[in-house]
Structure formats: C-alpha cells, structure tokens
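Here are some notes to read alongside the model. Keep the viewer open and look up each residue as you go.

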Amino acid sequence: MQQSNKLIDAHIDEAPITPNQDQTTLRCRVVKTLELVQDTIAISLCIGLFCVMVLQLKQTFLSLVTTLRFHEVTADILFILILVELFRLLIIYLQEQRVSIGVSVEVTIVSVLREVIVKGLLEVEWKQILATCAFLVALAVLLIVRVWLPPTFEGIDPEQKASQRLKERQ
C-alpha cells in the first residue's frame, strides 16, 4: 500500500505542468511586476511630495520674514499640513498596500477648511457655505462610522481570501 502511494506521489511529481498551472505562474509574475511598478510610482510620488513640502516650507519662512500676512501664512501652514498628511497616506500605502480611509478623510477635512480660510467665510455665498457644512458633516459621520465598523464586514476579508486562494494554487 505504501509502495503504491510512493509510486503515485512520484508520478504526480513528474507530471508535466498543465496549461492551467502555467497560466497561474504567468499571472503571478504579471501581478508581482504590476505591484512593483505601482510601488515605484508611489515612491516617486513620495519623493516629489517631499520636494514640494521643502519648497513650500522655504516659501513660508520667506513670507514670514518679509511680510506678516496672517491670512496667507495660515493658508501656507495648512497647505504644508495637507502635504504632510498626503505623504503619510503614501507611506501607509507602501507599508500596508492599502489606502487608509481615516487619513484620507482627515486630509479632505483639512483641505476643505483651508479653502474656507483662504477665501474667507464672509466673502462666500450662503449656498456654498451650506454645501461645505453638509460635506464636512458627511466626512465627520464617515470618520465616526469608520471607527465603529470592523475592518471587514462580518469577519470576511475578501483580500485575505483571494490571497489565500492564490497561495493554495502555487
């Protein structure tokens, strides 16, 4: 009985690669290559964003030295904070291969508030103020709901299941 199992195992090991297995390995190589390209793009964005942050910081310091305009300095500082948060979002993406909803919502809230500060609340029409307030409330609700929701619905993680299936095929 054991000898027949050994013969079967030896026969399976020597079996030729089927077209389905060949497609799976090709698909894995393509996916890994695309992920590498995507990571390269994200790293390029990080480097570019860092350069923009340095230039913006230089401009902010120069504007502080030459003229003190509170409105413009506040807008510049908020812009730098937005860039820092975007940088953090890219770092999280590179580490975890996902986009953080919480950080994305925070960046959006700061961006909207920056635009309100730059334009001035008194200079904007009431309809636009109402729309901005509704948008900010929706973002705040999303941020609160995100905390209450589990990472996946009902304990199902589709990415983990797909990854597990891929590993089983290899």
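**Notes on the model**

1. Let's start with a ring. Phe-50 is partly exposed, at a relative accessible area of 47%. On this scale, buried is under 20% relative accessible area, exposed is over 50%, and partly exposed is in between (1.4 Å probe, protein chains only). Phe-87 is also partly exposed, with 25%.

2. Before going on, a word on what you're looking at. This is a predicted model, where local features need pLDDT of at least 70 and side-chain atom pairs count only at pLDDT 80 or more, while totals for chains, interfaces and linings use all residues. Residues are numbered from 1 along each chain as its sequence is written, and side-chain values use heavy atoms, with hydrogens and water left out.

3. How many aromatic pairs does the structure hold? The structure holds one. Phe-50 and Phe-87 make up that pair, which is tilted, with 6.3 Å centre to centre and 45 degrees between the planes. For the cut-offs: rings of Phe, Tyr and Trp (its six-membered ring) pair if their centres lie within 6.5 Å, and planes under 30 degrees apart are stacked, over 60 edge-to-face, the rest tilted. Phe-50 sits in helix α2 (residues 19-66) and Phe-87 in helix α3, so the pair ties together parts that are 37 residues apart in sequence.

4. Now zoom out. The chain has six helices and zero strands, and read along the sequence its pattern is α-α-α-α-α-α. Here helices (H or I, at least four residues) and strands (E, at least two) are DSSP runs, numbered from the N terminus. Of the chain's 170 residues, 19% count as buried.

5. UniProt, in an unreviewed entry, lists residues 36-57, 77-94 and 129-149 as "transmembrane region". Its positions are in the numbering used here, feature names are shortened, and annotations may be inferred rather than shown by experiment. In the model, residues 36-57 are 100% helix and 0% strand, with the end C-alpha atoms 31 Å apart. Residues 77-94 are likewise 100% helix and 0% strand, and there the end C-alpha atoms are 26 Å apart.

6. Have a look at Ile-82, which is in helix α3 (residues 70-96). Is Ile-82 buried or exposed? Ile-82 is buried, with a relative accessible area of 8%. Apart from neighbours within four places in sequence, Ile-82 is in contact (heavy atoms within 4.5 Å) with Val-107, Val-110, Ser-111 and Arg-114. Take Arg-114: Ile-82 and Arg-114 are 32 residues apart in sequence, yet 9.1 Å apart in space, C-alpha to C-alpha.

7. Gln-97 is in the loop between α3 and α4, and Gln-97 is partly exposed at 37% relative accessible area. Its phi is near 55 degrees, a positive value in a residue other than glycine.

8. Ser-100 is found in the loop between α3 and α4 too, but Ser-100 counts as buried, at 10% relative accessibility. Leaving aside neighbours within four places in sequence, Ser-100 is in contact with Leu-89 and Ile-92.

9. Finally, the cysteines. How many disulfides does a search of the whole structure find? Zero, taking a disulfide as a pair of cysteine sulfur atoms within 2.5 Å. Cys-28 counts as buried at 10% relative accessibility, whereas Cys-133 counts as partly exposed at 41%.
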